[in-house]
Amino acid sequence: LSEVGVDDVLVQLFIADGAGNPTGAVLDSAFTAGGGYYRFDNLAAGNQRIQTMIRRWAQADIKSEVVR
C-alpha cells in the first residue's frame with residue numbers, strides 16, 4: 001500500500017460482542033503519531049474493536065473495525 005498515515009487521530013479500543021460491535025467503556029485509547037502509527041500492549045485474547053476519530057475536522061469522521 002502507498003497510503004500516507006495520518007497523525008493526531010484518536011484510536012479507541014473496545015471489547016467486541018459476537019457481531020463485532022463495540023461494547024462497554026473504552027478499554028484504552030491512543031493518538032496516532034509518526035505517520036499514523038498507534039499501539040496497544042498487553043491485550044487479552046479475544047475480539048476487540050477499534051474506533052477512530054479525526055479531531056482536526058469540523059465534524060469527527062468515525063470509523064471502526066474488528067481486531068482479532
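1. Start with one residue pair. In strand β2, A30 is the bridge partner of V11. Keep in mind that this is a predicted model.

2. Now take the pairing as a whole. Strand β1 covers residues 9–16, and strand β2 covers residues 22–31. The two strands run antiparallel, and 6 bridges join them.

3. Look next at the turn between these strands. β1 and β2 form a hairpin with 5 residues between the strands. In this hairpin, G20 takes a positive phi near 90 degrees.

4. β1 has another partner. Strand β3 spans residues 48–54 and is joined to β1 by 7 bridges. β1 and β3 run antiparallel. For a pair to find in the model, go to L10: opposite L10 stands M53, in β3.

5. Why is β1 largely enclosed by the rest of the structure? Count its buried residues: 7 of the 8 residues in β1 are buried, so the rest of the structure largely encloses this strand.

6. Turn to the charged side chains. How many salt bridges does the structure hold? It holds 1. The side chains of R39 and D41 make a salt bridge, with N to O at 2.5 Å.

7. D41 has 45% relative accessibility, so D41 counts as partly exposed.

Key: Residues are numbered from 1 along each chain as its sequence is written. This is a predicted model: local features need pLDDT of at least 70, side-chain atom pairs count only at pLDDT 80 or more; totals for chains, interfaces and linings use all residues. Side-chain values use heavy atoms; hydrogens and water are left out. A salt bridge is a side-chain nitrogen of Lys or Arg within 4 Å of a carboxyl oxygen of Asp or Glu. Buried means under 20% relative accessible area, exposed over 50%, partly exposed in between (1.4 Å probe, protein chains only). Helices (H or I, at least four residues) and strands (E, at least two) are DSSP runs, numbered from the N terminus. Two strands pair if DSSP finds at least two bridges between them.
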